[in-house]
Amino acid sequence: MCGIVGISAVVNVNQLLFDALTVLQHRGQDAAGMVTLDNNRFFLRKDNGLVKDVFRTRHMARLPGNTGIAHVRYPTAGTSSSAEAQPFYVNSPYGIALAHNGNLTNAEAIKYSLFSSDRRHINTHSDSEILLNVFAHEVSKTDKQTLAAKDIFQAITRVYGRCEGGYAVIAMINGHGIVGFRDPHGIRPLVYGKRQSGDTVEYMIASESVALDALGFTLARDVAPGEAVYIDQWGKLETFQCVPGIKTPCMFEYVYLARPDSIIDGISVYQSRLRMGQTLANKILREWHDHDIDVVMPIPDTSRNSALELATRLGLPYREGFVKNRYIGRTFIMPGQAVRKKSVKQKLNAISQEFSGKSVLLVDDSIVRGTTCQQIVEMAREAGAKKVYFCSAAPAIRYPNVYGIDMPTCDELIAHDQTEAEIEQLIDADGLLYQELDDLKKAVSSLKPEIKAFECSVFDGQYVTGGIDQSYLDQLASQRSRHSRGTEHGGSFVDLYNEDENT
């Protein structure tokens, strides 16, 4: 899961890109990067850390140009080294920079063909660098000094023929413009919008609509699965359906990843979470009709919408029993289990008055590794709770994710090969309840009936792109073990055509 953005404007875009990245910071807190284009020269800044720390005033002053792309990263493949922060860049053909959200499921096969057939070298463990080189190679086949939109669309069509998995991409081609495209299933989100600046229309492509809102752009629509959107250097926008698409958005975007004020594939994330709370309340009424719950509390922040609606439906008080330290990042997307464990009690503090002598129902958006849940239940008991019940707005996560979310191995998932009773015991809850998958699908699809299917592999083990079997998952686990995340730091700031100017 990462956040990507590209802007074509009539003014310098460095501040616009910075503002967009801060809005998309929830999608990645490991690294940030930005490339701008000015007078046919790329300017790059990227490093490990939050957006506000990576881009200081001195950096922003050295990122000129009215076209640019940017990225916030949390690592799913490769390491957390700043060398693998994005965007990536290649100088041939034309000069291309690329930012990518998602994961290629055939990355190793592509990497081999890039070396053996295309004579291209991959210098990192990141599949984003692989995707960039595939795109660059297919663009080079055009063999023209100046590319037309149809040439770029044909190149992307060939990229689709080589790349499998879930991905959303924004690339910038020197002397030409910005292009965005989305995998044929639309697993990872991508939208575009526009705003008027005098007589000129400015365009923006981003992972979530909330980034457009924050910068005053009007949402046009989602980039369709298998579609490419191209904005040339004169600000003209063209779109093309490169390959047939089957809209199958990632369900976990609605459960956890996206901001509640975003709209993804025409579905309000906020409204979808309200409906998750409604369906979960209905299950409690069916299965726990004689419950002794005194109060409903969310695990801040993502579960608030569901918890409030659940409490309303049950006719129970809703209370904020935990206060969140907002200077601690999202523990789910922190690299390394040890870091996650350490962060939970730094992140949350219990208000003992809300727990003392009560039977408390804690609501979370999902349960992934279970470590956080266990510590939160412990905190509730220490705060004086008589009983602690736990429920999840999502079904049990039993299978790895291969499309860009950090759930890559079964061993790390508490629900894999465990019954609900066993999980309840592991997190030391007095009761545990999961959302039913069919109820989750109905809750989200009811807001956009045209969407008939979702990517739900973490819940049901069904991988919509195909080609994912146990041997693939075993190989993925082995790679994760070998490429353990490092702690290397050190920024890069380069005028890609003249390094000496920016030392």
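Is phenylalanine 252 buried or exposed? Phenylalanine 252 is buried, at a relative accessible area of 2%; buried stands for under 20% relative accessible area, exposed for over 50% and partly exposed for the range in between, with a 1.4 Å probe and protein chains only.

1. Basis. This is a predicted model, in which local features need pLDDT of at least 70, side-chain atom pairs count only at pLDDT 80 or more, and totals for chains, interfaces and linings use all residues. Residues are numbered from 1 along each chain as its sequence is written, and side-chain values use heavy atoms, with hydrogens and water left out.

2. Aromatic pairs. The model contains 13 aromatic pairs. Rings of Phe, Tyr and Trp (its six-membered ring) pair if their centres lie within 6.5 Å; planes under 30 degrees apart are stacked, over 60 edge-to-face, and the rest tilted. One of the pairs is the tilted one of phenylalanine 252 with phenylalanine 459, at 6.4 Å centre to centre and 50 degrees between the planes. This pair links distant parts of the chain, 207 residues apart: phenylalanine 252 belongs to helix H8 (residues 251-257) and phenylalanine 459 to helix H16 (residues 457-460). Helices (H or I, at least four residues) and strands (E, at least two) are DSSP runs, numbered from the N terminus. Phenylalanine 459 is buried as well, with 8% relative accessibility.

3. A further tilted pair. Tryptophan 288 and tyrosine 389 have ring centres 5.5 Å apart and planes at 50 degrees. Tryptophan 288 lies in the loop between helix H9 (269-287) and strand S16 (295-298), while tyrosine 389 is in strand S20 (residues 387-392), 101 residues apart. Both tryptophan 288 and tyrosine 389 are buried.

4. Other ring features. One aromatic cluster is formed by Phe135, Tyr160, Tyr167 and Phe181. The charged end of lysine 46 sits over the ring of phenylalanine 88, 4.7 Å from the ring centre; the criterion is NZ of Lys or CZ of Arg within 6 Å of the ring centre and within 35 degrees of the ring normal.

5. The sheet. Four strands make an open sheet in the order S16-S19-S20-S21, with parallel pairing. S16 and strand S21 (431-434) are at the edges with a single partner strand each, so one side of each has no neighbour in the sheet. From one strand to the next the twist averages 20 degrees. S16 and S19 pair in the parallel sense over four bridges, where pairing requires at least two DSSP bridges between the strands. Valine 295 stands opposite valine 360 in S19.

6. Helices on the sheet. H9 packs on the sheet and touches S19, S20 and S21, its direction making about 130 degrees with that of S21. Helix H13 (residues 371-382) lies across S19 and S20, at about 150 degrees to S20. Axes are lines fitted to C-alpha atoms, for helices over the stretch in contact, and angles run from 0 to 180 degrees between N-to-C directions; contact is heavy atoms within 4.5 Å.

7. Helix H10. In H10 (residues 304-314), the buried residues include Asn305, Ala307 and Leu310. The buried residues of H10 pack against H9, S16, strand S19 (359-364) and S20.

8. Cysteines. The model has zero disulfides, a disulfide being a pair of cysteine sulfur atoms within 2.5 Å. For cysteine 373, the nearest cysteine sulfur is that of cysteine 391, 11 Å away. Cysteine 373 is buried at 3% relative accessibility, and cysteine 391 is buried at 0%.
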